Amino acid sequence: YIESHEADISALDIPAFLHQIAVELKKTHFHIVSFSSALDSFLLSFNKVTSKCRYAMNKDPNLNYDVLLSYAQSIPKEYVLTPITETLFHQVRKATWSEDFSINYPDYKTWKESGIGYLILKDSEIIAGASSYSSAHNTIEITIATKTPYRRKGLATKVCSALLLDCMNKKINPSWDAANCYSVATAKNLGYSYLNSYTSWIYTD
């Protein structure tokens, strides 16, 4: 999140600043949420940045333990619901569709200390998951994904329910920021409500 006065932005070497962030984060890309119209104007014309509409959900969801439990327990027999183990932690990083499940944790030790997540497997293949994209101050940012052939089967709802139940048991605050209308629908089905849309920027070094 970048917030600054207009004068600060005009005096800043933004390309160098964003590159330095990428170096410090040890990442080739990261998300930017801007609260400055001057920065927005620059990002709009900067060739290393693309814009994406995202959807804010309320931070105090109405989670119903029994409803979540019923979803989590309704997984068909051909699927297996499992917490993210050390082996699975490394496996999810090997595919683009699932890498966000652990991408912000440098190693499994760090994940074990502050991360939380669940996966659905079919014949040992990872096909869906819900996890902490990031975590701080007893709060996680949720990320969800389902492998393309298995979408629209309700798997995101089921695996997210398992994650939310664990958050409730551990008194962790699960923050949900949706990337698309399907994520919004899943969140609303589980007890969140929609607040507003906003522009997020993706920087690629």
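Reader: How are H7 and H8 oriented to each other, parallel, perpendicular or oblique?

Author: Angles under 35 degrees count as roughly parallel, over 145 as roughly antiparallel, 65 to 115 as roughly perpendicular, and the rest as oblique. Here the axes of H7 and helix H8 (residues 181-190) cross at roughly 50° and come within 10 Å, so the pair is oblique. Axes are lines fitted to C-alpha atoms, for helices over the stretch in contact, with angles from 0 to 180 degrees between N-to-C directions. Helices (H or I, at least four residues) and strands (E, at least two) are DSSP runs, numbered from the N terminus. Mind that this is a predicted model: local features need pLDDT of at least 70, side-chain atom pairs count only at pLDDT 80 or more, and totals for chains, interfaces and linings use all residues. Residues are numbered from 1 along each chain as its sequence is written, and side-chain values use heavy atoms, leaving out hydrogens and water.

Reader: Which residues make the contact?

Author: Contact means heavy atoms within 4.5 Å. H7 brings Ala 156, Thr 157, Cys 160, Ser 161 and Leu 164, while H8 brings Thr 186, Asn 189 and Leu 190.

Reader: And what does H7 lie across?

Author: Strands of a sheet pair through backbone hydrogen bonds, either parallel or antiparallel. In this model, an open sheet of 5 strands runs E3-E4-E5-E6-E7 with mixed pairing; two strands pair if DSSP finds at least two bridges between them. E3 (80-83) and E7 (173-175) are the edge strands. Helix H7 (residues 155-170) lies across E3, E4, E5, E6 and E7, at about 145° to E4.

Reader: How many bridges join E3 to E4?

Author: There are 4, and the two strands run antiparallel. Leu 81 stands opposite Ile 120 in E4.
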